[in-house]
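Please keep the sequence and the structure in view while reading.

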Amino acid sequence: MIKRRRGEGVSAANRAHAGVVPCAGGAARRRRWPFSRRMLVGALCLLVAVAATACGSSGGGSAGTGGGKPLTIAIFMPFSGPDAAYGTVGDAGVIPAVMQINKAGGVLGHTFTWKNVDTRGDPADAVPAADQLIATTPSLVAIQGPTSDEASATVPIFNRADVPMFTGTGQAQFNRNTDEFFWRNQPPDDADGAAIAYYAYHIKHYKTAALVFGNDIASQGAEPSARTVFAGLGGKIVATETLALDQTSYETEVARVAAAKPDVIITEADPQTSATFFRELLDAGSLVPFIGTDGTSGAQWASSVSHAIGAANFKKDYSIVSFGVPPSAAANLYNKAAQAASKYIPDVSQWFNEPYALAIWDTTIVPALAMLEAKSVVPKVFNSYISKVTAPSPGATMVDNFAAGKAALAAGKHIQFIGGLGLTIYNKYHNSAGTFLAQASNGTSILSVIPGPYVSELLARYVH
């Protein structure tokens, strides 16, 4: 799972989406891509009932009852240690989805349970935990996880066991994944740079760009992909400046950027560094639009830079591109389902419109729909159907919840599940990069939605 670097959590835009109705998208600019933006599905009825029992020595639970043997979805993430929050996100995504599936009657006579498995964020603990999970859970049909902490060590274990895993790792090593049972609908670490380049070149029509990044590791993550994709799309990088953090002046760097006359600046650095640089660029009469990575989210960064260049300039020139939740009825469905599961999820409102929780919600529903499409709960059988129930197909019925998908499949229809993250179309590497939002300086206005399949295509074509 990607760690937020400098931001202070989910942007205000993601929290503001509750109650927003779907809106139509435009056609993709790169017409040779085999997909286009679609209107997200309208609101459907949501009914939730809860009946819970304890399950699993590692912690877990079930919701609902059914005639068949319960099927287990494991949340294989840290629940203790420095990354314990990852497990909390896993619960926030899985539990509401399990409740929804069971309320709709489950799958082929089976209900679902969830089981928390604590990896402690350490491969040394995760490997034996993975072995034990497989050995002691014959009803295991899917895994939410592993995360970046333990993916390298445990993905091969789960793949050999023929268990589909929906991982949140951002590691680039999986961008060209060849493991049959590996699936990722969350962005790799370099996706933000690709999404920014797409937004800058194809949506804003900027033809030249300057890259201005801090010299710390956290700030450098998006720079290589932003550079490569912007150039690959046809743009020109006219200046590249790496800023030593927290200097009193960046006169030399400002002069070079000013002389290059870029249409746009793509940037990330800490608040103090960014404030100093952009104030001096303004003083030089060379302030141009600038797009920040997800590392520029948060009140401290916005306050520092806005104060340095003035609120009017900040509002006019700054935008941010980051992993997020598009406005949709599907996100509202998740919010209501999460609220209904609040007895299992502390402080549940923190997960409303939270992209990582919604990514996991989506990938808990998808394998259940794949089972129905395959008419089997055997992972080796239904695994190949995971991409089929999310991909566009002629005459497909678009659905945004399990009950609607189950009804459509029962009626003999093909479906395309469009969940809280919007389009999830897996490429041949079983990757779909989530959804990115271009947001205005106020952190609430959405300027553009950049579907994950576009970002995955850019990474595959120009970076990996």
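D246 has a relative accessibility of 36%, so D246 counts as partly exposed. The residue sits in the loop that runs between strand 9 (236-243) and helix 8 (251-260). D246 is not a glycine, yet its phi is positive, near 60°.

## The model as a whole

The model is predicted. The protein chain has 464 residues, of which 57% are buried. Its secondary structure consists of 16 helices and 16 strands. Among contacts with a separation of 6 or more, 74% are between residues 24 or more positions apart.

The average pLDDT of the protein chain is 87, and 86% of the residues score at least 70. Where pLDDT is low, the predicted coordinates should not be read in detail.

K261 is another residue with positive phi that is not a glycine; its phi is about 50°. K261 lies in the loop between helix 8 and strand 10 (264-268). Its relative accessible area is 66%, so K261 is exposed.

A cis peptide bond joins G145 to P146, with omega near -5°. P146 belongs to the loop between strand 5 (140-144) and helix 4.

Is T119 buried or exposed? With a relative accessible area of 0%, T119 is buried. T119 is located in the loop between strand 4 (112-118) and helix 3. Beyond its neighbours within four places in sequence, T119 contacts F76, M77, P78, D125, A126 and E150.

Y385 is in the loop between helix 14 (379-382) and strand 13 (397-399). Its relative accessibility is 23%, so Y385 counts as partly exposed. Apart from neighbours within four places in sequence, Y385 is in contact with A370, E373 and A374. P367 is 18 residues away from Y385 along the chain, and the C-alpha atoms of the two are separated by 8.1 Å.

## Packing of helix 3 and helix 4

Two packed helices are described by the angle between their axes and the distance between the axes. For helix 3 (residues 123-136) and helix 4 (residues 151-160), the angle is about 15° and the axes are 9 Å apart. Angles under 35 degrees count as roughly parallel, and helix 3 and helix 4 are therefore roughly parallel to each other. Their crossing is right-handed.

Which residues of helix 3 and helix 4 meet? From helix 3 come P123, A126, V127, A130, D131, L133 and I134, and from helix 4 come A153, T154, I157 and F158. The residues of this contact divide into 9 nonpolar, 1 polar and 1 charged.

Methods
Residues numbered from 1 in each chain as written. Predicted model: local features only at pLDDT ≥ 70, side-chain atom pairs only at ≥ 80, totals over all residues. Heavy atoms only, no water. Axes fitted to C-alpha atoms, helices over the stretch in contact; angles between N-to-C directions. Helix = DSSP H or I, 4+ residues; strand = E, 2+ residues; numbered from the N terminus. Parallel < 35°, antiparallel > 145°, perpendicular 65-115°, else oblique. Left-handed = near helix turned anticlockwise from the far one by under 90°. Contact = heavy atoms within 4.5 Å. Nonpolar A, V, L, I, M, F, W, Y, C, P; charged D, E, K, R; others polar. pLDDT = per-residue confidence, 0-100. Buried < 20%, exposed > 50% of the residue type's maximum accessible area, 1.4 Å probe, protein only.
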